[in-house]
Amino acid sequence: MKRILLMVLRNLFFIPSGFTRLCLYARKSDTHTDEERHALMQELVQHANKGGNVTIDAEGQENLPSEDGFLLYPNHQGLYDVLALIDSCDHPFSVVMKKELSNIFFLKQVFAVMRAKAIDRDDVKQGLKVILEVAKEVQEGRNFVIFAEGTRSKQGNQPQDFKGGSFKSAMKAKCPIVPVAMIDAFKPFDTGSIAPVTVKVRYLKPLYYEEYKDMKSTEIAQTVKERIEKAIAANI
């Protein structure tokens, strides 16, 4: 909370124009391209990072597929995760988020700009619908972030189990799966400190359909988790 306040105070002159554009881009009738919306989000995040003493140390962007239509699977440490990905990934992407976040002020506008998908974890039928929608849009060339843990880890850089069901969209779309290691992404918002902090983002080599087509979803989940854990261990 302290760092969010710092981000706001140091961007008082930028916030009116930035938030106005955010609201305009968030409209359902908005006609900006994914690239234009992503550029706006990067601009907002970079202002927030500068004001909040947050530095992003990103590596492995060359591992991202050259063609859009892939899924990013990071470990989940907190609300800051998406901001770190926006800052470091030049490919536009959307995100699958939990329904509870869809009506929170500011986050509501951010996720609307990103054309995010809200999933109700208590509604199996609705969850299946989201899986199918994501698969269809990925096949059409959009990129998504899915947090396979389902909820953020409360153990810092130690990931929780990755859920096999989170990979159903990738399996149906037959798309590249990109593991992403998030390191210290919990520190900006979850430690109560406003001291300078560096968040590391490591984009790992993707799993292509030919590599995982004969695997069960639980096996894919375990493979992705193990690759992320190895990258985290190498960067702490």
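View 1. At 2% relative accessibility, asparagine 75 counts as buried (buried means under 20% relative accessible area, exposed over 50%, and partly exposed in between, with a 1.4 Å probe and protein chains only). This is a predicted model, where local features need pLDDT of at least 70, side-chain atom pairs count only at pLDDT 80 or more, and totals for chains, interfaces and linings use all residues. Residues are numbered from 1 along each chain as its sequence is written, and side-chain values use heavy atoms, with hydrogens and water left out. The loop that holds asparagine 75 runs between β2 (71-74) and α4 (80-88); helices (H or I, at least four residues) and strands (E, at least two) are DSSP runs, numbered from the N terminus.

View 2. Look for the backbone nitrogen of methionine 182, which the side chain of asparagine 75 reaches at 2.6 Å.

**View 3. Phenylalanine 19 and phenylalanine 105 form a tilted aromatic pair.** The structure holds 4 aromatic pairs. Rings of Phe, Tyr and Trp (its six-membered ring) pair if their centres lie within 6.5 Å; planes under 30 degrees apart count as stacked, over 60 as edge-to-face and the rest as tilted. In the pair of phenylalanine 19 and phenylalanine 105, the distance is 5.5 Å centre to centre, with 50° between the planes. Phenylalanine 19 lies in helix α2 (residues 15-26) and phenylalanine 105 in the loop between β3 (94-98) and α5 (107-113), so the pair ties together parts 86 residues apart in sequence. Phenylalanine 19 is partly exposed at 26% relative accessibility, while phenylalanine 105 is exposed at 62%.

**View 4. Tyrosine 73 and phenylalanine 167 are stacked.** Their ring centres are 4.2 Å apart and their planes at 15°, so this pair counts as stacked. It links distant parts of the chain, with tyrosine 73 in strand β2 and phenylalanine 167 in the loop between β5 (144-145) and α7 (168-173), 94 residues apart. Both tyrosine 73 and phenylalanine 167 are buried.

**View 5. Cysteine 89 and cysteine 175 are each in no disulfide.** A disulfide is a pair of cysteine sulfur atoms within 2.5 Å, and the count here comes to 0. For cysteine 89, the nearest cysteine sulfur is that of cysteine 175, 14 Å away. Cysteine 89 is buried, with a relative accessible area of 1%, and cysteine 175 is buried at 3% relative accessibility.

Conventions. Polar contact = N/O pair within 3.5 Å; in protein donor to acceptor, adjacent residues only side chain to side chain.
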